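Please take a moment with the sequence and the model before reading on. The report below is meant for a reader who is new to them.

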Amino acid sequence: MTTLAGQHQPRSISKSIVNRIKQRVLAKRGPMTPPFELAYRHIFVLPSKFGLGFGFMLLFMALGALNFNNNMALILVFLLGTIAQMTTLIAYRNLVGLRIDSIHAEPVFCGEPALFRVFVTNGGERQRFAVQAGVNEPQDCRDFPLHTSKALQLAQPTNTRGWRELPAFRLETRFPLGLFKAWSWIFPQSRCLVYPRPARKAPPLPRAGGGESGNAHKGEGDQVHGLRKYQTGDPMQRVAWRASARHDELYSLEMEKPQEEACELDWDSLTGCDVETRLSILAAWVIAADHKQLAYSMNIPGEQVAANSGANHRAQCLEMLALFKS
Amino acid sequence: MSKAGRFSLDRLGILWMIATLGISMFPQLLSMPVHLVPITLLPIAWRLLAEFRHWPPVPIILRIIATIIAVTALVMTFGGLMGRSAAVSLLVLMLSLKLLETFSVRDVRVVTSLSLFLCATQFLFSQGIMMIIYIIASLLSALISLMYAHRREAFEGLSEAPDTGRDLFTELSFGMRLMVLALPIGLTLFMLFPRWSSPLWGVPEDALDARSGLSDSMSPGSIQGLFMDDSPAFRATFQGSLPSRSDLYWRGPVFWDFDGTTWKAGYLIRNLLADSKPELKRAQFRYEIQMEPTEQRWLFTLDYPALVPTGTRLSMDYQLITNQPITQLRTYAMASDPGFRDNPDLKLPLLRAALELPQGFNPRTARMIAEWRAETPSDGAMIQRALAYFNQQNFHYTLNPPLLSRHTVDEFLFNTRQGFCEHYASAFTVMMRMAGIPARIVTGYQGGWYNNLGSYILVRQSDAHAWSEVWSKGTGWIRVDPTAAVAPERVEQGSVDSLAQRRHMLDFAWLLHARNTFDLLQRGWNNWVVAFDSVKQSRLFTNFGWGFFDSMKLVIAMIAGILVAAAASFLLMPLILKLRSSRHQDPLVRLWQKFNRKLGKAGFTTNPSMGPRELATMAGGQLKYADEGINRIAELYILCRYSPTDGDPAELAALIKGFHPPQQS
């Protein structure tokens, strides 16, 4: 036991004590993992920095007014004090009853910020104003009119591939005067997939046809094969706008499938670099192949994907790379 | 934060902050020396222009220079930074200069908060009832400014604009609601909050500006400014009989020493205390005076005061002089006996002081008095002759007399013959002294306006007056008002009504009348709010039957009350919340819960996870005797719940009501 305690540095001890107190205080207040509704026990109210300063000014004014028995000044002080006090309740009511529905984040490439979208619903007791969200500092702010649902965005920096957890964050408000801050901790169990950072100087895309890199251009100049009715899921670029306008119905261009063979994105073809660099290069290749609308297969130690193309395929490949464990 | 973003964000916030500052400094702008006003307004104008023309903040060097210039101007005007006017003017100037660098939310908040502080300092100068409007306006404007500052802070740096329009109307009504809701609590606090019976620190005397009322010297023309001033000097509420108009001479500073131009109170005489004062039981008039602060030391009374309030002394010439300058509204009870004999025997040094005249002044008057004295040896006849002279010669009562130079009395008596009370009193007193009759000058107020609604006499600064007193052995000092000999209407009608033309543009009789009537509100405000102190507070508590509270106990009681309230809310709040949540909205659920409670009492503990049928089977198994009833209720509940057209909730309610399973012991 003594050895355990001895391992901690003083700073981390105090930090861990604070954390433990926080955990203990928060543990009694029920689940705070979405979806849940902010209730009385979740919400804390304390004066903001400005509120403290304002309070000191009021104290000073009250002292002067009492000393000179200046009753109008005293009335002003008491009115201001009462208003300030009332704003604690208003701030609390601005949060209580809000429902945190869910938190979503689209996968990002390493280095880009992970954007967590926190969906919050105002059930409709009253309007809410300037509800902010942030991990340390408030990052986003929204008004919530009656019966609305909106997303607050939390951006988290990413440095490594894999899952990026959203740490505990706060939903807070300083409505209406900024004198008091009401907040609630939220412990999300949501994470964002971070793809490997695509290599900037990746080797050229390996082509099945023995490295005929000249073919790449041919693939782009695809001939239009014909028109067909629009189906959900067709990319916007392929909608035949003119034809659609003529027929009052949406039409998509049917493209001629490239007749080339699929490229093989092979882990083993990359030699002489470490794991992360390999993953980066593979990611860059996936992007490039997808961009050129080529079919590609991928092969990494322990896993293989058959040749295919499209958004789902791309996502599958990138996820494999992101979660690769050597 | 980009430059453009910083300027474009919530212009309204900046404008409301400027409005708040403008409202808060408005009374000070009116009372400040005129040349400081443009210096104060300049930075505000700059900030307004900067807002619309997107100017950047002023460089720090320029700001420092502007500050130095402004403070120098202020120090040169006031001769230092001591004194309330100077200090508050400094605050106004600094706040105004602060606008040169006010661009961030933080600065907006600082300026708004300090504007509220400035607002509080204005009550050092006036606590009149009109200040309520001032309080409301500045408070509302400050609230709106803070609300905009908060919104700006919350949405600052976001690409998306706030999606709910909180427009001006929303903010205004919100601010108003805040104020109205705060009013009852604020006023309760005001009444209950313990007051200090004596201040912790006093007002330094050099901080006073002696802003209104009579002064401690008099030279002809010196109280001229007072005639323009319609602000109240004091209010007197009489018990019993009202004095007649000719008795309404409110005694103030008394002057003995004359240097040819100026009358002054002799230092010695002012510090001599009265040997005797009227007996209280013989006092004919009993009244209470509510006196506006003068920052001087005189209390005003009718002749002659029979009471000496605490903290005052009665001088030998019956001035009531306070130990401390009167900086707050002051109320004192007074009784007066007009029949009292003032010093029937005068000691020789005092007699000399009452006869002394400077050498080499007013030779013509001296010659005339010497001629008169030869013809009329009796003192009484001399007085009558002097008054008759004023009355019969071509003298005019006017508030705009020509200026007098060295021989003030000569010029007045023989050349200009125009003047008001000071001129007549001064000339008459000099004439009496030349004739060997002891005489002195008394200043104060004469008359007043009787407010029928409030049954009190309102005396305004414009009622200021000066008269003479002459002494004769045996009868003592007797009041003689030479102004009454010239303009009897001055005494009968009051100073303002006796004038032929208006004093200024807005000087209408009906307006003054309306103001006199309106003063009733001001008096009530004074009584109930401005003069509310620890004494009135304890009196209020006594009326409520809490006479045992003094302020120390009150502090303890308040702290105890807050603790009890906090503890109660901690204990009760979860309970209240539980109650609220357990009281289900759906009437069917409430009925079902009631049924479950009844089963519980009978000894069958229900489980929320049980469906109605399951519950009925289990409960029926356990409570066999009630099997039938339980099943019927469960079936009806299911019917009501899932087929509302067939089930009748009223029937279910009746069934559950009539369900009485035998209690299990």
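Predicted model: local features only at pLDDT ≥ 70, side-chain atom pairs only at ≥ 80, totals over all residues.

Residues are numbered from 1 along each chain as its sequence is written, and chains are lettered from A and ligands numbered from 1 in the order in which they are written.

Chain B holds 24 helices and 18 strands, where helices (H or I, at least four residues) and strands (E, at least two) are DSSP runs numbered from the N terminus. Of its 665 residues, 34% count as buried, a term for residues with 20 or more other C-beta atoms, placed from the backbone, within 10 Å of their own.

In chain B, the axes of helix α5 (residues 84–98) and helix α6 (residues 105–122) come within 11 Å and cross at roughly 160 degrees; these axes are lines fitted to C-alpha atoms over the stretch in contact, with angles from 0 to 180 degrees between N-to-C directions. The helices α5(B) and α6(B) are therefore roughly antiparallel to each other, the word used for angles over 145 degrees. Residues V88(B), L91(B), V92(B), L95(B) and K98(B) of α5(B) meet V111(B), L114(B), S115(B), L118(B) and T121(B) of α6(B), contact being defined as C-beta atoms, placed from the backbone, within 7 Å.

Chain B also has an open sheet of three strands in the order β1-β5-β4, with antiparallel pairing. Its edge strands, β1 (217–218) and β4 (257–258) of chain B, each pair on one side only.

The contact between the chains takes 37 residues from chain A and 45 residues from chain B. On the side of chain A that touches chain B, α4(A) gives the largest share, twelve residues.

Two strand pairings can be set side by side; strands pair if DSSP finds at least two bridges between them.

| Strands | Sense | Bridges | Bridge partners |
|---|---|---|---|
| β4(B) and β5(B) | antiparallel | two bridges | D257(B) and K264(B) |

Strand β16 (residues 296–300) of chain A has a covered face, formed by Y296(A), M298(A) and I300(A), and an uncovered one with S297(A) and N299(A). In a regular strand the side chains alternate between the two faces of the sheet.

Conventions:
Contact = placed C-beta atoms within 7 Å. Parallel < 35°, antiparallel > 145°, perpendicular 65-115°, else oblique. Buried ≥ 20, exposed ≤ 12 C-beta atoms within 10 Å, placed from the backbone.
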